[in-house]
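Here's a quick briefing to read with the structure open beside you. Take a look first, then work through the points below.

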Amino acid sequence: MRRLAWLWIFVVAVVGLVLPVSAADKPVRGYESLGVVAGKQGGRLTMILGDSPPSFFYYGVIDSNLQALSQHLYDGLVEYNYRTYELEPALAEKWTISKDGRLYTFYLRRDVKWQDGRDFTADDVVFTFDQIVTNPEARAGDAGAFMVGGQRVRFEKVDTYTVRLTLPRAAPATLQYMRLYIMPKHKLLPHSVEGGAKPVDINSAWPTTVDPREVIGTGPFRLQAYVPGQKVTLVRNPRYWKTDAGGMRLPYLNQIELLIVRDPEQQVAQFLAGNVGQLNLSGAQFPDLKSRQQAGAPFKVISSRTLFGSPPHLAFNFDARNPELARLFSDLRWRQAMQMAVNRQRIIDDVYNGLAELPGHGVAPISSWYFDTRSFLGKFDLQGAARALDELGLRTGPDGVRQLQSGRPLEFTLTYGTDSAVWPPIATILQNDLKQIGVKVNLQGILSRTLLSTGLSGNYEALLLAFGDQPDPELRKPIWQPGGALYYWHRTTQPATPGGEPNFAAMQPWERQVYDIWETGGTTVSRPQRKALYDKWQVLFAQNLPVIMIAKPMAVGAIQNRYGNYLYSLGVIPGYNPVPLIFQK
Amino acid sequence: MLWFVARRVLLMVPALLAISALVFAVIQLQPGGFLTQYLEDPRFSPQTVETIKRQFGLDQPPHIQYLRWIQGIVTRGDFGYSFLNGRPVGSLIWERLGWTVFLAVLTIACTWLIAIPLGIYTALRPRGTAATIVNLVSYLGQAMPDFLLALLLIALVLSRGGANVGGLFSPDYIGAPWNWARLRDMVAHLWIPIAAISLEGVAGLMRQMRAQLLDVLGADYVRTARAKGAPERTVVWKHAVRNAINPLISLAGLSLPTLISSTILVSIVLNLPTIGPFLYDSLLNKDQYVVTTLLLFSSLLLMVGNLLADLALAWMDPRIRYQ
């Protein structure tokens, strides 16, 4: 027995000498400040999926559960640094961008294998972008991102490990899109146009009834089994191309289980029972779990500032049906008065249990694109707001409600989402505070998922909504550029025909300025110049208040003490997946 | 009799058609659409919206969508396509039907096996201590929503350090091959949903049975039976219970559609892999063919249940004749 053990050690040592960690592997290092330590291999982690994945094909359906699952299975050419959110090499070992910003060359990491053992090459990359991502019929593709100035971006294979992109004109956000997951050509070819299928057929690749062995990526884990409506099981990819700081191959865990649990209370119950290892929480669930932790429960609750996540805002419809309200809401002085009446500190303390901070304007405060606009937020000051309303000529009537010029009472409907822990209390706080200054707010609750479509339909007066922050402002252009598809508070700026020129005549002067900033920013190559442009936009945003930003929530997660190296991840952002670092103690 | 069944089955066709049209119309009235949930995704351009609408036939007027759907059912047995899951509706329902039927049969059996004897017992001894306690519990059972009871049971299990707080299995046993350990694990999980779903039914059914039997026990023919010297057992079981149970059989027919709809909330809070939450998600997402198919299925179950109840009545009660 002993001799066998020695023999084993000898074999391992020799193999270790002969096969050093390939130079093409990516060491994951530099995260000591985040508390990352060397882990050990083995173990299993159970996490939650909020619902069944509708498909296993990432580009077939837009679905947060599919996204949460996909991050374990696939990789992109580039990915985010866990600490700085800057892009760094992933499947591409390095890349170059020509001076004019039109030519991108990606040098792929060699010796990366698909999970079935086949080589990963430039063919896969070109196939993914050419046949899947830019296929306009792919339901979760992104053809729009690769149409620059009305022309398609060209993808070419230079050699087995080199891919070149040619853009019609400079578009610096293109690098962000290189996070998109690369798919195996040898598995998906029959579903593509190149393989003889119709464009729409790509959506039916890899349905959830497929043999799990067919679904392969380059990612840290591969699909092992799926029990419909109950559980997805993933196993470690022993050929993964990342190592830890000490050269040990990642991921540490042998297995990941994704338990399908819809109800948030049931998720917490499963976590408390120890069936689940990690859980993302809302601020409302924080106090209960934190007090259990302090009472000695075997888990940690962690809150952290993150870049992702959606800061709520209050929007007034510049084009409200009632012309008097539309005129008022378009007036900057009205929105300034309303900003003074937003009690941010109370919302942060009461609604988020303190787990939120003052918001940025279109950019998360920890982003490198952030410009500090906090001084523009002002202080909560109801008397000041009342004075500002007086100056607008909105006199208080006999019943304590201010009157519009026409003599009608100053009241508006505030639409909010009922199925959430944050919207109802925020709406109530606003309603109560505004009542004190003679503004009558009628609350209208709807399902959260219909908030945006209600906004886009223009059928509302005021609305509470949140848009997710992204690492590059360009990714949120349709929201913040006047005339953009999601610029819902001022719909008259929309182009008459989709894709046409926006309605400049409807824009206020500052909106035109913001529009031009976005146009220039989208084609400027130099990072400092882009930063200066987006700084200017953030200031214009903070001064002119197209919407009133309320707060930026923090991320809250809980993890059982038996696991180490837990970094919070929202779970649905391609290119930000710290799970390979998690290990079982 | 055969003619009666045939006529009833034939009548179901226009009824189902009317129901499907009505349900489809109501879903069209629901604000928002299947695509609204995606609007914020950075990938979701207006062009994508148009493309997907075209792919799913949502660019057609509603009546065309409806007629195409009906045509698919009649000609190909195709119940349409789930937008959300990108798969035919039929296979999605089939996937979830097993556990749904299993749970429903178990809870319905439990409900009847407990409720009928309890109802008879409390009717025979209406003023005993045991009957008073049973009555009290049944009041509570009727007053408390099933999902609340489920949540309370979860809290109870958690506070006692248990791990069987939802679902049908521990994570380890999901999808594992059957063996004794897995069966034990399932039983350890199963009692919570069975208790939560059954209690309300037991309470209701027991009170019905009790009221019916009390009624019948006061009837003249029961007094006659006693007067002519029939033994008490014959009086109760042959004369009274058999007459008292008739309305309950009609009630049983009505309970078939609960297979789909009645356990939605319990299934969500207890994370059961049944059709209920699937219907709920489809409603929220306006996944129209899933919703219409499920509601159609539910009405079909109702009609079949009624028919079966009528047949059972004819069999139980010699006075009932179908010509």
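What percentage of the 323 residues of chain B count as buried? The figure is 37%, where buried takes 20 or more other C-beta atoms within 10 Å of a residue's own, with C-beta atoms placed from the backbone. Keep in mind that this is a predicted model, where local features need pLDDT of at least 70, side-chain atom pairs count only at pLDDT 80 or more, and totals for chains, interfaces and linings use all residues. Residues are numbered from 1 along each chain as its sequence is written, while chains are lettered from A and ligands numbered from 1 in the order in which they are written.

**Chain B overall**
- Chain B has 13 helices and two strands; these are DSSP runs, with helices being H or I of at least four residues and strands E of at least two, numbered from the N terminus.
- Along the principal axes, the C-alpha atoms of chain B fill a box of roughly 85 × 60 × 40 Å.
- Take the contacts in chain B with a separation of 6 or more: 71% of them join residues 24 or more positions apart. A contact here needs C-beta atoms, placed from the backbone, within 7 Å.

**Where the chains meet**
- Chain A puts 49 residues into the contact and chain B puts in 43.
- On chain B's side, α2, α4, α6, α11 and α12 each supply at least two residues.
- The largest share of that side, five residues, comes from α2(B).
- That side of chain B divides into 21 nonpolar, 15 polar and seven charged residues. Asp, Glu, Lys and Arg count as charged, Ala, Val, Leu, Ile, Met, Phe, Trp, Tyr, Cys and Pro as nonpolar, and the others, Gly among them, as polar.

**An open sheet in chain A**
- Four strands line up in the order β2-β14-β12-β11, with mixed pairing; two strands pair if DSSP finds at least two bridges between them.
- β2(A) and β11(A) stand at the edges with a single partner strand each, so one side of each is left without a neighbour in the sheet.
- β2(A) and β14(A) pair in the parallel sense over six bridges, with L49(A) opposite I260(A).

**A β-α-β unit in chain A**
- β19(A), helix α12(A) (residues 423-436) and β20(A) make a right-handed β-α-β unit. Right-handed means that, with the strands pointing away from the viewer, the path from the first strand over the helix to the second runs clockwise.
- β19(A) and β20(A) pair in the parallel sense over seven bridges, and T415(A) stands opposite Q444(A).

Conventions:
Two residues are in contact if their C-beta atoms, placed from the backbone, lie within 7 Å. A residue is buried if 20 or more other C-beta atoms lie within 10 Å of its own, exposed if 12 or fewer, and partly exposed in between; C-beta atoms are placed from the backbone.
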